[in-house]
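Here is a short report on one protein chain. Look at the sequence and the 3D view before reading on.

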Amino acid sequence: MKKIYKIILVFIFLIIERNLISNEIKDDIFKSIGARASGMGGAFTSVADDYSSFFWNPAGLVNINQINASIFFDSAFSGKQNLYGINYIQPLFSDMTVSVSYLKTLYTDSNFINDFVYLSFATFLHEQRYTSFGINLKLLNFTMANYEFNGFTTAFDAGFIFYPDFLDKKMRFSLVATDLDARIKWTNGIIEKIPVSYKAGASFLFDNTGIAAFDLVITNVDYENKIFRTGFSLGGEKYFLNNKFGDVGFRTGLLYMENFNLSFGLSYKRKEFTLNYVFIPGFNNQGQTHKLDFTYFIGEETRKEHKKEIIQEI
């Protein structure tokens, strides 16, 4: 009898609130990872040189020259959405990198719990290293606690970063497509397609302490009616270097996606670790968002020659 009661409740919930569930899931998929990237307003697909590259543009993982492990926590919308995650990155040979990430999202005003796994790979496409390519295989599981109801899908992300040989290689350009071939299969038989997002970005490295970046985002939110949502991100950061006490960085960003949002972040970095924080004010009654992450670097750098020639890591 108890099981029948749960089935009836789930059925009613699906009939009345199906659009709400869909929007909640999609909003979570669009949710950004990484305090540094979020501090730049999400203008990060062409920067992509820390652990959060797996989310923004997997092609950027090849820019990471040292084994590292990260933990991260997001408290979004005044604590209504809390995300916990871990990430591990392993450079391979002279031109490849692999990464594995796990994310868990909890909602205080609903019964949904999301568990996502990212398996990532990145490589340079030729010896001159003018182009890098990255791909994610994502395992996405959505569960409604206490109702024995869940959905699952696999999905792919693919991205490129271009390093043109002008302006002392201070410019970068990027192209990314996310959530390719993603269809959530719910236990009640419903199949829901996740919108595909396309991003293009550009960034300029002023020196080893400052960077500015811009991203354009186009999302196909309605396949049947061919409705697209367009937005952009603009951000920058500045580091103040100190070999004795560590480096301190500040950043800010502007994101437009139907509404405008600002972000403000800071970092503290030493040779062994990096600590990042970002604050996003609660515009449009969304509630404040805080993000915090910590990365620990293991061993020595493995691609110093590449870093010297192409990338000045911040």
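**A note on the model**

This is a predicted model. Keep that in mind while reading the values.

**Aromatic pairs**

Rings pair if their centres lie within 6.5 Å. By this rule the model has 20 aromatic pairs. Take F112 and W186. Their ring centres are 6.1 Å apart, and their planes stand at 75 degrees, so this pair is edge-to-face. F112 lies in strand β4 (residues 112-124) and W186 lies in strand β8 (residues 183-186), so the pair ties together parts that are 74 residues apart in sequence. F112 is buried, at 3% relative accessibility. W186 is buried too, with a relative accessible area of 8%.

Now take F214 and F232. This aromatic pair is stacked, with 6.1 Å from centre to centre and 25 degrees between the planes. F214 belongs to strand β11 (residues 210-222) and F232 to strand β12 (residues 227-240), so the pair ties together parts that are 18 residues apart in sequence. F214 is partly exposed, at 38% relative accessibility. F232 is partly exposed as well, at 25%.

Ring pairs also build a cluster. Its members are F112, F116, F142, F149 and W186.

Strand β6 covers residues 149-162. Which residues of β6 are on the covered face? They are F149, G151, T153, A155, D157, G159 and I161. The uncovered face holds N150, F152, T154, F156, A158, F160 and F162.

β6 pairs with β5 in the antiparallel sense, over 14 bridges. Here I135 has A158 of β6 as its bridge partner. β6 also runs antiparallel to strand β7 (residues 171-180), joined by six bridges. Two bridges join β6 to β8, again antiparallel.

**Strands β13 to β15**

Strand β13 (residues 247-257) and strand β14 (residues 259-269) run antiparallel, joined by eleven bridges. They form a hairpin with one residue between the strands, and E258 takes a positive phi near 75 degrees there. β14 also runs antiparallel to strand β15 (residues 273-280), with six bridges between them. β14 and β15 form a hairpin too, with three residues between them.

| Residue | Bridge partner | Strand of the partner |
|---|---|---|
| S267 | N276 | β15 |
| G151 | W186 | β8 |

Is D50 buried or exposed? At 12% relative accessibility, D50 counts as buried. The cut-off for buried is under 20%. D50 sits in the loop between α2 (35-39) and α3 (53-56). Its side chain makes a polar contact of 2.7 Å with the side chain of S52. D50 also touches R36, F44 and I64, leaving aside residues up to four places away in sequence.

E148 lies in another setting. Its place is the loop between β5 (131-144) and β6 (149-162). E148 is exposed, with a relative accessible area of 58%. How many residues apart in sequence are E148 and T187? They are 39 residues apart in sequence, and 8.7 Å apart in space, C-alpha to C-alpha.

**Back to W186**

W186 pairs with F112 edge-to-face. W186 is in the ring cluster. W186 is also the bridge partner of G151.

Conventions. Residues are numbered from 1 along each chain as its sequence is written. This is a predicted model: local features need pLDDT of at least 70, side-chain atom pairs count only at pLDDT 80 or more; totals for chains, interfaces and linings use all residues. Side-chain values use heavy atoms; hydrogens and water are left out. Rings of Phe, Tyr and Trp (its six-membered ring) pair if their centres lie within 6.5 Å; planes under 30 degrees apart count as stacked, over 60 as edge-to-face and the rest as tilted. Helices (H or I, at least four residues) and strands (E, at least two) are DSSP runs, numbered from the N terminus. Buried means under 20% relative accessible area, exposed over 50%, partly exposed in between (1.4 Å probe, protein chains only). Two strands pair if DSSP finds at least two bridges between them. A polar contact is a pair of N or O atoms within 3.5 Å; within protein, one must be able to donate a hydrogen and the other to accept it, and residues adjacent in sequence count only if both atoms are side-chain atoms. Contact means heavy atoms within 4.5 Å.
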